[in-house]
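Here's a walk through a few spots worth a look when you open the model. Keep the viewer handy and follow along.

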Amino acid sequence: MLRCIELGKNGLGSTYPNPMVGSVIVTNNTIIGEGFTSAYGGNHAEVNAINSVRDKSLFESATIYVSLEPCSHYGKTPPCADLIIKNKIKKVVIGCLDPHEKVAGKGIQKLRDAGCEVEVKILEKECREHHRRFLTFHEKKRPYIILKWAETLDSFIAPDKNLRNKNSEPFWITNKKSRQLVHQWRAEEHAILVGTNTVTEDNPKLNVRDWEGNSPIRIVIDKDLKIAKDFNVLDGSVKTLVLNSNLETSSSNEMIEYLKINFANNLTQEICTALYRKNIVSLIVEGGAKTLQTFIDANIWDEARIFKGSNNFEKGLKAPTLNGNKHSEQKIVHDTLTTYRND
């Protein structure tokens, strides 16, 4: 099962909205096949594992391990439970149950009805940790939310405006290695979100440049549609959703979509509901301070990744304040990265 989890990590960033499942096939204590979920629209882990076995006659004495319950419904691909049954694999070991309403125990029942021996909840805690994005999406009906920011030693997230250039551009607190890590994170998550002020002051691209992988869907909060068309987030190079109070339509560019939400309601809940409807499984909230604090105050977040730089601003925009359980801490040259979990 640990090998299933290890394999599944290969799908991080490419399988959304599907989970990144890993699967291993064993006979006589020997691995004869393994696989992980292909990029969205491709084969699931069990299919890739079964296809990797050269001698199909070994299936009748084999056990298939899978980190998440095999699907039992038709989606982009046929049900994995049916393929396991068709290949006469008699024993199935499952890490954790799939809460998707179209699965939710139906895959296990289908296997048992076909005469398979099924073991469930093997290394369940580890499998749930691995599948935390997918499980949060289906159990809480919202994306898995990662808060991320960088702050100075004296806890400022941005300098006084007098220290900035007149042109909108980022003011770096962290070093190049930390910034590269942020691009790796972007490649791993489904979407990234910023508020209006972050766009107008920093003019970020919010794409993946210093790492290999897909750029996340850009989510921009722009209540009154103040952001000019010449800002990077509206260049049409990456799928972008603009959350606003007026417009519910696509622009002339098919890569940009305007979604209307009710800013009079709980804003974080409105955002989460809109993104859930768009099937967005995970989200990095990257700024600014007001947007981040809104998620913190609503207690709607799962992880926080906070860089502490080695410089001081003395005055400027204060960093958000957060209480959470410290999960890890590491040095990145002169920066310190602390990760918190909202358990």
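## The cavity

First, the term: on a 1 Å grid over the protein atoms alone, a cavity is a set of points where a 1.4 Å probe fits but cannot get out, and lining residues have an atom within 4 Å of a point. This is a predicted model, where local features need pLDDT of at least 70 and side-chain atom pairs count only at pLDDT 80 or more, while totals for chains, interfaces and linings use all residues. Residues are numbered from 1 along each chain as its sequence is written, and side-chain values use heavy atoms, with hydrogens and water left out.

The structure has 1 cavity of 30 Å³ or more, and the largest cavity comes in at about 70 Å³. Here a volume is the space filled by probe spheres set on the points, with grid points joined across faces, edges and corners. Which residues line the largest cavity? They are Gly-11, Thr-15, Tyr-16, Asn-18, Pro-19, Met-20, His-130, His-131, Arg-133, Phe-134 and Val-281. By class, that lining has 5 nonpolar, 5 polar and 1 charged residues. For the sorting, Ala, Val, Leu, Ile, Met, Phe, Trp, Tyr, Cys and Pro count as nonpolar, Asp, Glu, Lys and Arg as charged, and the others, Gly among them, as polar.

## Helix 6

Arg-133 and Phe-134 from the cavity lining are also buried residues of helix 6. Buried means under 20% relative accessible area, exposed over 50%, and partly exposed in between (1.4 Å probe, protein chains only). Helices (H or I, at least four residues) and strands (E, at least two) are DSSP runs, numbered from the N terminus.

Helix 6 covers residues 132-140, and because 7 of its 9 residues are buried, it is largely enclosed by the rest of the structure. The buried ones are Arg-132, Arg-133, Phe-134, Leu-135, Thr-136, Phe-137 and His-138. After helix 6 comes Lys-141, with a positive phi near 60°.

## Cis bonds and positive phi

Tyr-16, another lining residue, is joined to Pro-17 by a cis peptide bond with omega of about 5°. Pro-17 sits in the loop between helix 1 (2-8) and strand 1 (22-27). Gly-287 and Gly-288 are also joined by a cis peptide bond, with omega of about -5°. Look for Gly-288 in the loop between strand 13 (282-287) and helix 10 (289-297).

Thr-198 brings some of these pieces together. This residue lies in helix 8 and is buried, at 13% relative accessible area. Beyond its neighbours within four places in sequence, Thr-198 is in contact (heavy atoms within 4.5 Å) with Asn-203, Pro-204, Gly-287 and Gly-288. Asn-203 is not a glycine, yet its phi is positive, near 45°; find Asn-203 in the loop between helix 8 (196-202) and strand 9 (217-221). Leu-225 also has a positive phi, about 50°, without being a glycine. Leu-225 belongs to the loop between strand 9 and strand 10 and is partly exposed at 31% relative accessibility.

## Thr-240

Where does Thr-240 sit? Thr-240 is in strand 10 (residues 240-244), and it is buried, with a relative accessible area of 0%. Its side chain reaches the backbone oxygen of Val-238 at 2.8 Å, and a polar atom of that side chain lies 3.4 Å from the backbone oxygen of Val-233.

Leaving aside neighbours within four places in sequence, Thr-240 is in contact with Arg-218, Val-220, Val-233, Met-255, Ile-256 and Glu-257.

## Cysteines

How many disulfides does a search of the whole structure find? The count is 0, where a disulfide is a pair of cysteine sulfur atoms within 2.5 Å.

Take Cys-4: the closest cysteine sulfur, in Cys-127, is 7.3 Å from its own sulfur, too far for a bond. Cys-4 is buried, at 0% relative accessible area. For Cys-80, the closest cysteine sulfur is in Cys-71 at 3.8 Å, also too far for a bond. Cys-80 counts as buried too, at 2% relative accessibility.

## Asp-297

Asp-297 lies in helix 10. This residue is exposed, with a relative accessible area of 60%. Its C-alpha atom is separated by 10.0 Å from that of Pro-320, which is 23 residues apart from Asp-297 along the chain.

Technical notes:
A polar contact is a pair of N or O atoms within 3.5 Å; within protein, one must be able to donate a hydrogen and the other to accept it, and residues adjacent in sequence count only if both atoms are side-chain atoms. On a 1 Å grid over the protein atoms alone, a cavity is a set of points where a 1.4 Å probe fits but cannot get out, and a pocket is an open set with protein on both sides within 12 Å along at least five of seven lines; lining residues have an atom within 4 Å of a point.
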